[in-house]
Amino acid sequence: MGLLRGFDVTTGVLSIDVVYFLVGEEAIAHLAERPSLWKYLECEAGPYSGGSTSGCSIPNDYWVVNENPLVRSLPLAPDAMIKLIPWPSCCEPVATNRAALGVRAGAEPPLLISFDVNDGLITAVTEVYTP
C-alpha cells in the first residue's frame, strides 16, 4: 500500500510513499502501544489509559501507518492495469488509463493505492476506498 504523491505521465514514473494499512485488532493494538495515539481509541469505558483494549474501537476500523517519509519513485509498466474510483460515484475502482492517473496523482489528500511490482516495474495500481 502507499500514498500516491505524484505521477509523471511523460516518463511513466510514480512517486509513492509506502504505508501500512492496519484494520481491526491489529490497528487497535498499534494505537494502544503508542500513548501519543491513545486519543484515537474509542472505548466503551471512556478514554483509553493503557491496559486492555477490550471494548475499544477506532473510527472506520482502519489506521494508516506512515512511519517513514521516504517517497519512492518506480516506473509504471507500459501495460499496467490502472483502476481508480470514478468519483463522485462510489466506491468500486474501475479500469482507466495513464491520463486519468495523471489527473488524480498529487491530490490532497493523496490517493491510497495498492500496487504490484514485478522486476522493478509497477504492473498494477488500484485506488483503495476509505470512508
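Me: How many disulfides does a search of the whole structure find?

Reply: A disulfide is a covalent bond between the sulfur atoms of two cysteines. Here the term covers a pair of cysteine sulfur atoms within 2.5 Å. The search of the whole structure finds two. This is a predicted model, in which local features need pLDDT of at least 70 and side-chain atom pairs count only at pLDDT 80 or more, while totals for chains, interfaces and linings use all residues. Residues are numbered from 1 along each chain as its sequence is written, and side-chain values use heavy atoms, with hydrogens and water left out.

Me: Which residue does the disulfide join to Cys 43?

Reply: Cys 43 is joined to Cys 56, with an S to S distance of 2.1 Å. Cys 43 is in strand S4 (residues 42–43) and Cys 56 is in strand S5 (residues 56–57), so the bond ties together parts 13 residues apart in sequence. Strands (E, at least two residues) are DSSP runs, as are helices (H or I, at least four), and both are numbered from the N terminus. The link of Cys 43 and Cys 56 is right-handed, with 105° about the S-S bond.

Me: Are Cys 43 and Cys 56 buried or exposed?

Reply: Buried means under 20% relative accessible area, exposed means over 50%, and partly exposed is in between (1.4 Å probe, protein chains only). Both Cys 43 and Cys 56 are buried.

Me: Which cysteine forms a disulfide with Cys 90?

Reply: Cys 90 pairs with Cys 91, and their sulfur atoms are 1.4 Å apart. This link is right-handed, with 70° about the S-S bond. Cys 90 has 46% relative accessibility and therefore counts as partly exposed. Cys 91, at 23%, also counts as partly exposed. Counting bonded cysteines along the chain, the disulfide pattern is 1-2, 3-4.

Me: How many residues does the largest nonpolar core have?

Reply: A nonpolar core is a set of buried Ala, Val, Leu, Ile, Met, Phe, Trp, Tyr and Cys residues joined through side-chain atoms within 4.5 Å. The largest one has 16 residues, and those with the most contacts inside it include Leu 14, Leu 76 and Ile 122. Strand S7 (71–84) is one of the strands that each supply at least two residues of this core. S7 gives the most, with five residues. Another core, of 13 residues, lies apart from it, and Cys 43 is among its members.

Me: Which residues does Leu 76 touch?

Reply: Contact means heavy atoms within 4.5 Å. Setting aside residues up to four places away in sequence, Leu 76 touches residues including Phe 7, Leu 14, Leu 101 and Ile 122.
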